[in-house]
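Please consult the sequence and the model shown here.

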Amino acid sequence: MGSGVAIDVLGSKWSLPVSPALIVWLALIWLLAPRPVVAQQGPVDLRVLVDVSGSMRKNDPHNLRAPALRLLVGLLPDDARAGIWTFGEHVQEAVPVAATGAAWKERARRAAQRIRSDELYTDIEQVLGVATADWSATESTGGRYVILLTDGMVDVGGSEETSAASRERIRTEVLAALEEKGATVHTIALSANADAELLEALARGTGGWSEQVDAAEQLNRVFLRLFEKTAPPDTVPLDEGNRFTVDDTVSDMTLLVFRPPGAMASQIVRPDGSLLSSRNPLPDNVRWEVEQAYDLVTINDPPAGRWRIDAATDPDNRVMVVTNLRLAVDPLPNHVLQERSVPVVARLLRDDGTVTDPAFLGLVSFQVAAGRERGEQVSSGMYPEGDPGNYTLSVDVGPGEGTLVITVVADGRTFARQHRHEIRVHEEPGAITMTAGADGAVTLAATLADGLMDLATARLAYRALDGDRLDSVTVPAGTPGEWSTVLPRALAGRMIEVRLEARQVDGDDYQLAIEGLVPGEPVPLPPLPREEPPVAPAPPLDWSMIWVWLGVANLILWPLVGLGWWLWRRARARRAAAVAEALA
């Protein structure tokens, strides 16, 4: 007997017979039915470290670190976690780590006002340790990021040897600990005197981004780029006339408008033609922050329609939105080798689930624009591939170093979403050198770029080309990404082959091979001892075959002996008869 299920439809009760088999069948359909992919990414955890050493009075005389920090604070989403530290001789927690809601942002803005330039030293090792001390070695679901701003070299006071030892610990122990914790370090060198090599090693070693800033006036734009690499926002594209479209899924939007020196105050034209300006009273849903070089405007519940920014166009102007219809792009690398390709995978998310409705997606155009920084951008269409709702395209990097800018746009006619990412393009990640010292010793050295290569897979080997007298030798790593060894004296004046092999972080194999003449006078080598070829041992006797052959020989030999004996006797008898006849 089957059971029944009672349901109520418009006030009428119905009873439907349902068998156990039907229940199992419906359960299987429910379990196996495709579901939207839900993003599992947690909140971003950011630590901002700001140098307040005395040298900043020269490199940042107008304390432009403060508005740049306020810009970063204003851009951070409310669901992130962040903390701010200042450092010099001492490390001070300016703003404790907490969720970046309104209270935290207000505290951070006040802390930015207190940034100074009065510390004696530049203790980068200490601030990196203190700011990340609460991070365990387990991977974070939302990503862990450090933004380090400094203008100098590692200086912990005392002797030069003490500072040099601290710098070496940063390149080895501290960097290894940051990698183990899953941290990504972005660095800003605010001076030509900054330790660019160390900052680059920290960034590349953790897959981060490094910037060399010649003037503090550039800090605002640098902080914008690092924010976009830390917590990529949902943005709406701006056209050449500073126009953009807001759809009815947008609950909040933030406009970043850069102003050139001497420019008039910015204005925003709403869809109904009315103006918003910092010089006039603002509605309760608008917050307008005016800085020397930019305006940061936040609008809650903006009306849908066509908006316009009444200000000078700028490639770094942004319209960032909070919406339940988002453009998600798979993480893109910060570093890549020339002549490679970068796969771009994008999808639309609604309430964190991938949009797969073909009727909806049929109205959406996915495009990728790619090109070198401030150069021509070439647009190409993306096509569905892989999981439902995913759109892909492979972008060719091209030759030469530089910065590749990739912009992904999803245009649905009534809405548009944009994602922008910058990638540093490198020509050759490895180098091999041979250097002769004053004592005649020759050092073989090799380097690999951190952030591009999996250094744990690196191998450096060499061999002589004239006779294979030396076997290949693998040289262990010293400082991360650096290898060196003193070549044997016997190689002086001889040609050798050197190979540097490693695996790239994207999984591809990399190899650099060179041939070169080892400096120095050739060293006479003793002749190799002559070796006689070994004599093969005689095979063992096979007595069975010997006895067979002896038997065969006897069978042939004895009849012949008998025949010979008979013929000899016959001839002898004939001679005897002949003699007897002659005598008779």
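Q: Which residue forms a salt bridge with Arg503?
A: A salt bridge is a side-chain nitrogen of Lys or Arg within 4 Å of a carboxyl oxygen of Asp or Glu. This is a predicted model, in which local features need pLDDT of at least 70 and side-chain atom pairs count only at pLDDT 80 or more, while totals for chains, interfaces and linings use all residues. Residues are numbered from 1 along each chain as its sequence is written, and side-chain values use heavy atoms, with hydrogens and water left out. The closest N and O atoms are 3.4 Å apart, and the partner of Arg503 is Asp509.

Q: Is Asp509 buried or exposed?
A: Buried means under 20% relative accessible area, exposed over 50%, and partly exposed in between (1.4 Å probe, protein chains only). Arg503, at 42%, is partly exposed. Asp509 has a relative accessible area of 61% and is therefore exposed.

Q: Which residue meets Arg259 in a salt bridge, and where does that residue lie?
A: The N to O distance is 2.6 Å, and the partner is Asp295. Arg259 lies in the loop between strand 11 (250-258) and strand 12 (267-269), so the pair ties together parts 36 residues apart in sequence. Strands (E, at least two residues) and helices (H or I, at least four) are DSSP runs, numbered from the N terminus. Asp295 itself lies in strand 15 (residues 294-300).

Q: How many salt bridges does the structure hold?
A: One of them pairs Arg169 with Glu125, with the closest N and O atoms 2.9 Å apart. The structure's total is 29.
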